[in-house]
Amino acid sequence: QMCIRDRQSTWGIINFKCCERKGTMSSATEFMREFERVQNNEKQLQKDLRQRETDMTHGKSTARIDATIRGSLKQLTGDIDGLFNTISTFESNPESYNLTAKEVERRRNLVSNLKNSVDAARAKFENHSKAGAGGEDLTRAKFQEQYDVQNMSNQQLIGTTKDLIKKQDQHIDTLAGTVSNLKGIGRNIGEELDLHNKLLTDLDAGVDKNTQKMEKTQGRLQDFMKKTNTNCLYIIILVEVLILILLLAI
């Protein structure tokens, strides 16, 4: 059997289903590669959080990076859930994956530490978001409630316009961050499709190889049966000849 990785993945869960014949070690190795990928994404998340703090300190808009962070948090949550599912598979039969119980436990601790780091980053981001959530969207009705345009001076009107432009820029930054997340998801989907195509190719090769072995085995079995039938006939004739000789001798 081949080692197939099902991934609800860019969206979420990674689940390795390993089979018995093609080196179960490959799934354990693939797990560490996946862990390193998720770990690198977590490091990028921490970097984005630091950049967000810098932007806030300098009074810059954080809408774009906020969207990126939200996407990263969602992605990491799904990936970590997938890693835990894979570890549960390892725990059910570690010997078939060439892993010791101690090694499986070590990997679970690695993923748990990674999850704690992501949870802390989420809490930090949500707290900062709540603290800075003062700018609500201005619909036409709300705008009319907050601003009496007819009674504004030119200076006040210019200030209000700048304020609206600033909010519009924040919305554009948010959309840009969302588009960036979608681009990353699309790239991950492409990587997954390439991986599954490779696995399907390996699976086809394995099936063809097994089919050839089965045909050879069936051919040998038929030859054996033919030889067995012929040998039995010779033995029966020999026994009858011996009996005949004994009867004549008596």
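## Basis of the model

The model is predicted, so local features need pLDDT of at least 70 and side-chain atom pairs count only at pLDDT 80 or more, while totals for chains, interfaces and linings use all residues. Residues are numbered from 1 along each chain as its sequence is written, and side-chain values use heavy atoms, with hydrogens and water left out.

## Overall fold

Let's start with the layout. The protein chain has five helices and two strands, and from the N terminus the order is β-β-α-α-α-α-α. These elements are DSSP runs numbered from the N terminus: helices are H or I with at least four residues, and strands are E with at least two.

Of the 250 residues, 28% count as buried; buried means under 20% relative accessible area, exposed over 50%, and partly exposed in between (1.4 Å probe, protein chains only). The accessible surface comes to about 17000 Å², and carbon and sulfur atoms account for 56% of that. Areas come from the Shrake-Rupley method with a 1.4 Å probe, and for residues only the protein chains shown count as cover. Among contacts with a separation of 6 or more, 67% are between residues 24 or more positions apart, a contact being heavy atoms within 4.5 Å.

## The nonpolar core

In soluble globular proteins, nonpolar side chains tend to be buried together. Here, the largest nonpolar core has 24 residues, and F31, L45, I69, I80 and V111 have the most contacts inside it. Such a core is a set of buried Ala, Val, Leu, Ile, Met, Phe, Trp, Tyr and Cys residues joined through side-chain atoms within 4.5 Å. The elements giving two or more residues to this core are α1 (25–57), α2 (63–92) and α3 (101–131). Helix α2 provides the largest share, nine residues.

Leaving aside residues up to four places away in sequence, V111 touches F31, F35, I80, L83, F84 and I87.

## A nonpolar surface patch

On the surface, L233, Y234, I237, L238, V241, L242 and I245 form a nonpolar patch with about 690 Å² of accessible area together. Patches are made of residues with over 30% relative accessible area and no salt bridge; like charges are joined within 9 Å, and nonpolar side chains (Val, Leu, Ile, Met, Phe, Trp, Tyr) within 5 Å.

## Charged pairs

Eleven salt bridges turn up across the whole structure, each a side-chain nitrogen of Lys or Arg within 4 Å of a carboxyl oxygen of Asp or Glu. K124 and E53 form one, with their closest N and O atoms 2.8 Å apart. This pair links distant parts of the chain, with K124 in helix α3 and E53 in helix α1, 71 residues apart. K124 is partly exposed at 36% relative accessibility, and E53 is partly exposed at 28%.

E103 and R107 also meet in a salt bridge (2.8 Å, N to O); they are four residues apart in helix α3, so about one helical turn separates them. R107 is buried, with a relative accessible area of 7%. In helix α5, D202 and K198 are likewise four residues apart, about one turn, and their salt bridge is 3.3 Å, N to O. E34, R37 and D79 are linked in a network of salt bridges.

D55, in helix α1, is buried yet has no salt bridge, and the nearest side chain of opposite charge, K60, is 4.6 Å away. For charge, Lys and Arg count as positive and Asp and Glu as negative, while His and the chain ends are not counted. Beyond residues up to four places away in sequence, D55 touches K60, S61 and T62.
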